Amino acid sequence: MANMVSLKDLMQDELRDIYDAEKQLTKALPKLAKKATNEQLREAIEQHLQETEGHVERLERVFQQLGMPAKGRKCEGMQHLIDEGTTRIGDADEDATRDAVMIASAQKVEHYEIATYGTLRTWANLLGHTEAASLLEETLEEEKQADQKLTQVAESFVNAQAAEEGGEDEEETPARSRRGAGRSGAHPSAADRGRASNRGRR
């Protein structure tokens, strides 16, 4: 990372960071959509993919307005969020649980972007780049709407379904334990019967 001595430097570096982040998402979101089992979740992800492609184009307009080349800087934060989400989604066995993990991971990404675009919008206004600030505001609002949509899907369908999947497992385990205990108590093994018989002869 280059030395940053002014707000202008900070803004340019952050723009390169989020540009790379959006590029990463254009590759990650199609894979995410294929793994979603809830139809509304899949539609929300596919819609946000289209928006993300628009975010990339909008950032390129911001670069142009600021006289900067449209070039990203490796966004380690987004890479970590994507890798973490991929791992957790892969660990989920049940469909609804996987969808719930998917939403949680996607919302972490949204919150990262909301924080970034909010900061960039503020900096652009302070530096007098009003047109760039307006473009960044548009993207910020779309990120907020995407986050709200994911919350709606989670609270309307997915979380309750995931809770039911977990509830079934919790109910079955004690029942199996009780049944197993009952069998061993009522029917001693042959070895137990043999030991009892030997004690009687002594």
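What you have open is a predicted model. Its secondary structure comes to six helices and zero strands.

Of the 202 residues, 38% are buried. The chain exposes about 11,800 Å², with carbon and sulfur atoms supplying 48% of that area.

Next, go inside. Nonpolar side chains tend to be buried together in soluble globular proteins. Here, select Met11, Leu15, Leu41, Ile45 and Leu136, which touch the most other members of the largest nonpolar core, a set of 46 residues. Now show the helices H1 (7–35), H2 (39–65), H3 (76–91), H4 (95–126) and H5 (130–186), each of which gives two or more residues to this core. Which of them gives the most? That is H4, with eleven residues.

Zoom in on Met11 and display its surroundings. Leaving aside residues up to four places away in sequence, Met11 touches Leu66, Leu120, Trp123, Ala124, Leu127, His129 and Leu136.

For the last stop, pick Gln24 in helix H1. Is Gln24 buried or exposed? Gln24 counts as buried because its relative accessibility is 11%, under the 20% cut-off. Show its neighbours beyond four places in sequence, and you will find contacts with Lys74, Cys75, Met78, Gln79 and Ile82. Finally, draw a distance from a polar atom of the Gln24 side chain to the backbone nitrogen of Gln79: the two lie 3.4 Å apart.

How values were computed:
Residues are numbered from 1 along each chain as its sequence is written. This is a predicted model: local features need pLDDT of at least 70, side-chain atom pairs count only at pLDDT 80 or more; totals for chains, interfaces and linings use all residues. Side-chain values use heavy atoms; hydrogens and water are left out. A nonpolar core is a set of buried Ala, Val, Leu, Ile, Met, Phe, Trp, Tyr and Cys residues joined through side-chain atoms within 4.5 Å. Buried means under 20% relative accessible area, exposed over 50%, partly exposed in between (1.4 Å probe, protein chains only). Helices (H or I, at least four residues) and strands (E, at least two) are DSSP runs, numbered from the N terminus. Contact means heavy atoms within 4.5 Å. A polar contact is a pair of N or O atoms within 3.5 Å; within protein, one must be able to donate a hydrogen and the other to accept it, and residues adjacent in sequence count only if both atoms are side-chain atoms. Accessible areas come from the Shrake-Rupley method with a 1.4 Å probe; for residues, only the protein chains shown count as cover.
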